[in-house]
Amino acid sequence: MTTRWAILAPGRIAHAFAADLALVPEAELAAVGSRSLDRAKEFAKQYHVPAAYGSYQELVADPDVDVVYIASPHALHLEHARMAFEAGKHVLCEKPLALSVAEAEQMMALATTHDRFLMEAMWTACHPVVLELQRRLHEGEFGTPRHLHAELGSLVDADPADRLLDPALGASALLDMGVYPLTLAHLMLGEAESLVATAALSSGGIDLDVAIAGRYRGGALATMTASMTSWSSRRCEIATDRGRIAFDDFHHPAYATFTPYSGESGDSDDSDGGGNGNGGGPGAEPQRIEGAVPVLGRGFGHEILEVNQCLAEGRNQSRLVPHSQTLTLMRQMDQIREQLGITFSA
């Protein structure tokens, strides 16, 4: 069965999504909608989309569309999801699902009322490399995780009216970028027991840089950063009692590596025996961790595959990105924003 997709709001991320959707078997991009008909037509021409609309109402009314991918700014997600559900469409909505837990719960209630599928577009939770590492880590293959560090950031050099910097549209380093390391920590360590954060705010009151420390089950710790003012390494490392797991780029991973550490003591500069116990070092050669299936494009393809599979099975929510997980992470971000004094007009 071919699933017929529509893209609502053809912005930056929608281009990457459309390119990956073309790689997915049994998925077809049937329509695109924008507030500008010219913009919709330009996008449709670039990606060979048969239908282009100059309003979102026309888009969701298209009878040849099964699922709407919502790529509009965060502050508009609830409004656009409501529109799609009322038109009888399933929804894949860009992360974060909404501005707050309250909005996310409204969206989920609408999906239930209209008996439609809803999933947050969190590719990290659908990525084959991440899923393989999660499985093997939880099975104990790499030892017990004790500390995770992940960072994601890039320089946002944009007009103040750009949605990435506009408080009215939900601009936030936490919501745009911090959600990824938070999600990865949740997938690898389980639900956070406590989170504390600090941030650098803009004159408009949005968080431009944020640093988060978390405590997870069993006493595991995580440190996570997100930035809109600097170029981070996009690296993630997980330290266990048996070695070290590393992603060079956890945001778009091709693979991860596990380096076992030896417990044997090495040479020490402390002749009096007062060393710090760090004599061990890398043991065997690093092990490369790859996904069970090849990565489709930049990774969007796997969330598309998950939606297609769930619809084929008659499911109204994802197994990989269940509503409960989305709400857990939304609660974490609500808590962090409260700590930082960040509010949205919505």
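Guide: What follows goes through ring pairs, charges, strands and a pocket.

Guide: This is a predicted model, with local features needing pLDDT of at least 70 and side-chain atom pairs counting only at pLDDT 80 or more, while totals for chains, interfaces and linings use all residues. Residues are numbered from 1 along each chain as its sequence is written, and side-chain values use heavy atoms, leaving out hydrogens and water.

Visitor: Why is the pair of Trp123 and Tyr180 called tilted?

Guide: Rings of Phe, Tyr and Trp (its six-membered ring) pair if their centres lie within 6.5 Å; planes under 30 degrees apart are stacked, over 60 edge-to-face, and the rest tilted. By this rule the count is seven aromatic pairs. The centres of Trp123 and Tyr180 are 5.5 Å apart and their planes stand at 40°, so this pair is tilted.

Visitor: What makes the pair of Trp123 and Tyr180 a tie between parts of the chain?

Guide: Trp123 lies in the loop between strand E6 (118-121) and helix H6 (128-138), and Tyr180 in helix H7 (residues 173-189), so the pair ties together parts 57 residues apart in sequence. Helices (H or I, at least four residues) and strands (E, at least two) are DSSP runs, numbered from the N terminus.

Visitor: Why is the pair of Trp123 and Phe300 given the class it has?

Guide: Their ring centres are 4.6 Å apart and the planes are at 70°, so the pair is edge-to-face. Phe300 is in helix H8 (residues 300-312) and Trp123 in the loop between E6 and H6, so parts 177 residues apart in sequence are tied together. Both Trp123 and Phe300 are buried, meaning under 20% relative accessible area; exposed is over 50%, partly exposed in between (1.4 Å probe, protein chains only). Ring pairs also link Trp5, Phe17, Tyr69, Trp123, Tyr180 and Phe300 into a cluster.

Visitor: What makes the charged end of Arg288 sit over the ring of Tyr255?

Guide: The rule asks for NZ of Lys or CZ of Arg within 6 Å of the ring centre and within 35 degrees of the ring normal. The charged end of Arg288 is 3.7 Å from the centre of the Tyr255 ring and is counted as sitting over that ring.

Visitor: How do you know that Arg235 and Asp248 meet in a salt bridge?

Guide: A salt bridge is a side-chain nitrogen of Lys or Arg within 4 Å of a carboxyl oxygen of Asp or Glu. Arg235 and Asp248 have N to O at 2.5 Å and meet the rule. Arg235 also bridges to Glu237 at 2.8 Å, N to O. The structure holds 16 salt bridges.

Visitor: Which residues lie nearest the centre of the largest pocket?

Guide: Arg12, Ile13, Arg163, Leu164 and Asp176 do, out of 40 lining residues. Helix H1 (12-21), helix H4 (77-86), strand E7 (145-153) and H7 each supply at least two residues of that lining. On a 1 Å grid over the protein atoms alone, a pocket is an open set of points where a 1.4 Å probe fits, with protein on both sides within 12 Å along at least five of seven lines; lining residues have an atom within 4 Å of a point.
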